[in-house]
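Me: I am new to this structure and would like to go through it in questions and answers. Please show it to me before we start.

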Amino acid sequence: MESRTVQFRIYRYDPDKDAKPWMQDISLELEETDHKLLDAIVKLKAKDDGIAFRRSCREGVCGSDAMNINGKNGLACLTDIESLKQPIVLRPLPGLPVIRDLIVDMTQFFAQYHSIKPYLVNYDPLPERERLQSPEDRDELDGLYECILCACCSTACPSFWWNPDKFVGPAGLLAAYRFLADTRDQATSERLDNLDDPYRLFRCHSIMNCVDACPKGLNPTKAIGKIKDMMMRRAV
Amino acid sequence: MRTTTGAHYGLRDWIFQRITAVVMAVYTIVVAVGLFFGIHDTSERWHAFFAFGPVKFLTFLFALCLCYHAWIGIRDIWMDYVKPVWVRLTLHSLTLLALLGYAGWCLEILWRL
């Protein structure tokens with residue numbers, strides 16, 4: 001593959017300077033070695049250092065560079081440039097307040113995550129080494145613990161757009177089920193009580209935007225279904 | 001202002017929305033089978049079908065299920081899009097009253113058969 005020119009259309013908004021957001025058209029020469037969208041954005045930043053975005057690990061582990069790419073949420077570092085239609089339209093994650101350009105304020109997202117108590121609650125005396133699980137019990141956590149909290153799922157969810165202060169959102173609910181499913185956790189009842197609310201859990205109508213958006217291939221809708229199932233088993 | 005959540009309901013509505021959906025699906029099949037066998041051919045056959053005890057029972061159950069199902073669905077729409085509490089409460093009340101009225105009206109029609 002030779003060097004090629006790629007067209008971009010980027011959401012720009014600097015609240016100190018701009019009265020309202022605007023879209024910047026910009027083209028960029030990419031080298032043969034530039035494969036991922038993040039490579040291109042780093043080069044864009046070299047061309048126009050006013051562009052603001054978050055990035056860190058550049059390999060799909062930290063979740064910093066989540067953004068809306070051609071209308072779909074994803075991680076820039078995991079997205080192949082070649083898979084994208086041009087001009088590549090980059091916007092911040094939808095539904096969260098924009099701090100500047102592609103950077104959003106994640107406060108609401110993390111407030112919901114913290115609200116489900118994302119840590120193991122166990123009232124037994126501390127063991128000498130570690131709390132053991134059987135391999136079968138440990139398998140229950142697969143597909144749950146891998147979440148990197150990039151917010152691609154929650155910001156793709158209309159229920160989270162309308163009620164970000166009340167609906168926990170797919171990322172928070174996936175994390176909630178991660179601890180509900182953990183055999184070492186002893187706060188199952190409290191956790192279910194905490195979610196038994198028409199907003200916190202039941203705003204989810206299983207439209208599966210979260211599954212479509214998750215760059216790690218996780219399934220929050222399935223986890224939410226399992227929470228509802230646990231709640232039903234407790235009630236009937 | 002503090003955000004208040006923790007109403008401790010939601011599960012019941014979620015379960016009933018599914019149960020009512022099943023009842024409505026079963027009723028739809030019953031009526032579809034009836035139509036297949038020509039209950040709509042004459043006014044007498046149409047009347048006889050809906051005056052038949054089990055169908056009458058099922059029709060009333062269907063109407064109740066439809067109202068309950070619609071209540072949860074419409075309430076969800078108000079909860080999503082209408083933020084001021086008093087406006088929402090008014091819309092909730094009006095929806096509930098309208099659905100109760102429809103259920104009563106349906107009962108009255110079935111009673112006459």
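This is a predicted model: local features need pLDDT of at least 70, side-chain atom pairs count only at pLDDT 80 or more; totals for chains, interfaces and linings use all residues.

Reply: A place to begin is Lys117(A), which sits in the loop between helix H2 (107-115) and helix H3 (135-139) of chain A.

Me: Is Lys117(A) buried, partly exposed or exposed?
Reply: A residue is buried with 20 or more other C-beta atoms within 10 Å of its own, and exposed with 12 or fewer. Lys117(A) has 16 other C-beta atoms within 10 Å, so Lys117(A) is partly exposed.

Me: What is the phi of Lys117(A)?
Reply: Most residues other than glycine have a negative phi. Lys117(A) is not a glycine, yet its phi is positive, at about 55°.

Me: Where is Met208(A) found, and what is its phi near?
Reply: Met208(A) belongs to the loop between helix H6 (188-195) and helix H7 (209-213) of chain A. Met208(A) counts as partly exposed because it has 17 C-beta neighbours inside 10 Å. Met208(A) is a residue other than glycine with a positive phi, near 65°.

Me: What is the order of the strands in the open sheet of chain A?
Reply: The sheet has five strands with mixed pairing. Its edge strands, each pairing on one side only, are S2 (22-30) and S4 (72-75) of chain A. From one strand to the next the twist averages 35°. The order is S2-S1-S5-S3-S4.

Me: In which sense do S1 and S5 of chain A pair?
Reply: Strands of a sheet pair either parallel or antiparallel. S1 (residues 4-12) and S5 (residues 88-91) of chain A are joined over three bridges. Arg9(A) stands opposite Val89(A) in S5(A). The sense of the S1 and S5 pairing is parallel.

Me: At about what angle does helix H1 of chain A run to S2(A)?
Reply: Helix H1 (residues 37-47) of chain A lies across S1, S2 and S3 (66-69) of that chain. Its angle to S2(A) is about 105°.

Me: Which element gives the most to the side of domain 1 of chain A that touches domain 2?
Reply: Chain A is divided into domain 1 (4-104) and domain 2 (107-235), with C-alpha centres 29 Å apart. On each side, 14 residues are in contact with the other domain. The domain 1 side consists of eight nonpolar, five polar and one charged residue. With four residues, the element that gives the most is S4(A).

Me: What is the radius of gyration of chain B?
Reply: Chain B has four helices and zero strands. Its C-alpha trace spans about 65 × 25 × 20 Å along the principal axes, and buried residues make up 10% of its 113 residues. A compact globule of 113 residues would have a radius of gyration near 13 Å, whereas that of chain B is 18 Å.

Me: Which elements of chain B give two or more residues to the side that touches chain A?
Reply: The contact takes 13 residues from chain B and 15 residues from chain A. The chain B side divides into seven nonpolar, five polar and one charged. The elements giving two or more residues are helix H1 (11-36) and helix H3 (53-81) of chain B.

Methods
Residues are numbered from 1 along each chain as its sequence is written. Chains are lettered from A and ligands numbered from 1 in the order in which they are written. Two strands pair if DSSP finds at least two bridges between them. Axes are lines fitted to C-alpha atoms, for helices over the stretch in contact, and angles run from 0 to 180 degrees between N-to-C directions. Two residues are in contact if their C-beta atoms, placed from the backbone, lie within 7 Å. Domain bounds come from an automatic or database domain assignment. Ala, Val, Leu, Ile, Met, Phe, Trp, Tyr, Cys and Pro count as nonpolar, Asp, Glu, Lys and Arg as charged, and the others, Gly among them, as polar. The radius of gyration is taken over C-alpha atoms; the globule rule is 2.2 Å times the number of residues to the power 0.38.
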